[in-house]
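Please walk me through this model in the viewer.

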Amino acid sequence: MPEAETTGSIASSKDYQTQTPAHNEPFFLKGSNELDWGMKNRLASIFRPESGRTVMLAFDHGYFQGPTTGLERIDLNIVPLVPYANAIMLTRGILRACIPPSYRGGVVVRASGGPSILRELSDEELAISIDDAVRLNVSALAVQVFIGAEFETRTVHNLTKLIDLGNRHGIATLAVTAVGKDMNRDARYIGLATRICAELGASIVKTYYVPGFDKVTAGCPVPIVMAGGTKLPEIDALTLAHNAVEEGACGVDMGRNIFQSDCPVAMIQAVGKVVHENYNPEDALEVYHDLKAEIDGAE
Ligand code: R5P
C-alpha cells in the first residue's frame with residue numbers, strides 16, 4: 001500500500017499543467033465517434049488508425065461451400081498470410097482449430113449460416129451466441145444481408161438482432177451485402193443495400209465495387225470495405241482495390257483474390273501497399289512480382 005502523501009510543500013509541487021486542455025480528439029473512423037470505448041477499441045483492431053483502412057483477409061467461405069479451392073488446409077495455406085492482414089474474417093470453428101491464440105489483429109467472426117450451396121442461400125439464421133463471441137474475444141460479428149432475395153426480411157432481422165446483442169457487449173457488427181439472384185450489381189442496388197445496413201445500425205458494411213462507387217460510399221455513413229469476389233488476374237484485383245479506396249472505401253475484405261493467387265504472401269502485401277500507402281496498381285504489381293521472385297528463389 002502506498003504511503004499517504006503529506007500536505008504542504010510536497011503536495012503543492014504537483015504539476016497539473018492547467019494551461020493545457022485535455023486531449024479530446026475525434027475517433028478516426030467514419031461514423032464511429034459516438035460509440036463506446038470498447039467498440040472503438042475493437043474497431044481500431046480491425047482498421048489501422050494511421051491510414052483509417054484495413055486489409056481484412058476473408059476465409060469464411062467454408063461455412064456454406066465446404067473446402068473452397070485454396071482453403072483445403074487453412075493451417076498450411078492461410079496461417080502464413082495472417083501476419084500481413086490487419087484483420088481476419090473466418091468462422092469460429094476455424095478460429096479455434098487453426099489460428100494461434102497469440103494472434104493480435106482484428107477477429108471478425110461469421111455469425112450467420114444455415115443453408116449450404118445446395119439450398120436457397122438467403123435462408124440464413126444467426127449461428128453463434130453472443131456468449132461464445134465474447135469468449136472468443138471477437139472484434140466484430142459478420143452477418144449476411146440478402147436485399148431483394150427470398151428471405152430478405154429474415155436476414156435483415158438477423159442483422160438487427162446481432163447489432164442489439166453486439167452493442168450490449170461492445171462488439172461491432174459487419175453487414176455483408178449478398179447480391180440477390182435477380183438483382184443487378186449496380187450502384188443503385190449496392191447503394192440501396194449498403195444504406196439499409198447502415199441505417200439499421202451496422203458498424204461496418206462489406207460490399208462489391210461497382211461503377212459509381214463514390215456515390216455508394218458517400219451515401220453510407222459508416223465504413224465500407226470492398227468485397228473481393230471471384231479470382232481475377234493480379235493487376236485487375238489490385239486495380240479494384242485501388243479504385244475502391246480512391247472512391248471512399250475504408251479498405252478491403254478479400255479472400256479468393258489473395259489465397260487463390262499464384263503467390264498469396266506476395267499478393268496480400270501488394271494489396272496492403274494499395275490500401276495503406278495509396279500505391280497505384282502498376283507499382284503494387286511490381287511489389288507483387290518482386291516478392292514472388294524472392295519467395296520462388298528461396299524455394
Ligand atoms: C461472403 O459470402 C463471405 O463473406 C465471403 O467469405 C467473402 O465475401 C468472400 O471473399 P471473396 O469474395 O473475396 O473471396
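What covers the buried residues of H1? Keep that in mind while you get your bearings; the model is predicted.

**Whole chain**

Show the protein chain as a cartoon. It has 12 helices and 10 strands. Its radius of gyration is 21 Å, close to the 19 Å from the globule rule for 299 residues, so the chain is as compact as a globular protein of that length. Along the principal axes, the C-alpha atoms fill a box of roughly 75 × 50 × 40 Å. Colour by burial: 44% of the 299 residues are buried. Take the contacts with a separation of 6 or more: 66% of them join residues 24 or more positions apart.

**Helix H1**

Select residues 37-46, which form H1. Met39, Arg42, Leu43, Ser45 and Ile46 are buried here. Look down the axis of H1: the buried residues fall within an arc of 155°, so they line one face of the helix. Turn to the other side, where Trp37 and Asn41 are exposed.

Back to the opening question. The cover over the buried residues of H1 includes strands S1 (54-58), S2 (87-90), S3 (106-110), S6 (140-147) and S7 (172-179).

Pick leucine 141 and you will find threonine 173 of S7 opposite. Next, show helix H6, residues 152-169. S6, H6 and S7 together make a right-handed β-α-β unit.

**The nonpolar core**

Which residues have the most contacts inside the largest nonpolar core? They are Met56, Val108, Val109, Leu141, Ala241, Val252 and Val271, in a core of 87 residues. In soluble globular proteins, nonpolar side chains tend to be buried together.

Centre on valine 252. Ignore its neighbours within four places in sequence. Valine 252 is then in contact with Val55, Met56, Val225, Met226, Gly228, Ala241, Ala244, Val271 and Val275.

**Two asparagines with positive phi**

Most residues other than glycine have a negative phi. Go to asparagine 137, where phi is near 60°. Asparagine 137 sits in the loop between helix H5 (130-135) and S6. Is this residue buried or exposed? Asparagine 137 counts as exposed, because it has 12 C-beta neighbours inside 10 Å.

Jump to asparagine 278. Its phi is also positive, at about 55°. Asparagine 278 lies in the loop between helix H11 (264-277) and helix H12 (281-298). With 14 C-beta neighbours inside 10 Å, asparagine 278 counts as partly exposed.

**Last stop: alanine 266**

Select alanine 266 in helix H11. Alanine 266 is buried, because 23 other C-beta atoms lie within 10 Å. Leave out its neighbours within four places in sequence, and its contacts are Tyr288, Leu291, Lys292 and Ile295. Finish with a distance label from alanine 266 to tyrosine 16. The two residues are 250 apart along the chain, and their C-alpha atoms are separated by 50 Å.

Conventions: Residues are numbered from 1 along each chain as its sequence is written. This is a predicted model: local features need pLDDT of at least 70, side-chain atom pairs count only at pLDDT 80 or more; totals for chains, interfaces and linings use all residues. A nonpolar core is a set of buried Ala, Val, Leu, Ile, Met, Phe, Trp, Tyr and Cys residues joined through C-beta atoms within 7 Å. A residue is buried if 20 or more other C-beta atoms lie within 10 Å of its own, exposed if 12 or fewer, and partly exposed in between; C-beta atoms are placed from the backbone. Two residues are in contact if their C-beta atoms, placed from the backbone, lie within 7 Å. Helices (H or I, at least four residues) and strands (E, at least two) are DSSP runs, numbered from the N terminus. The arc is that of the directions from the helix axis to the C-beta atoms. Two strands pair if DSSP finds at least two bridges between them. A crossover is right-handed if, with the strands pointing away from the viewer, the path from the first strand over the helix to the second runs clockwise. The radius of gyration is taken over C-alpha atoms; the globule rule is 2.2 Å times the number of residues to the power 0.38.
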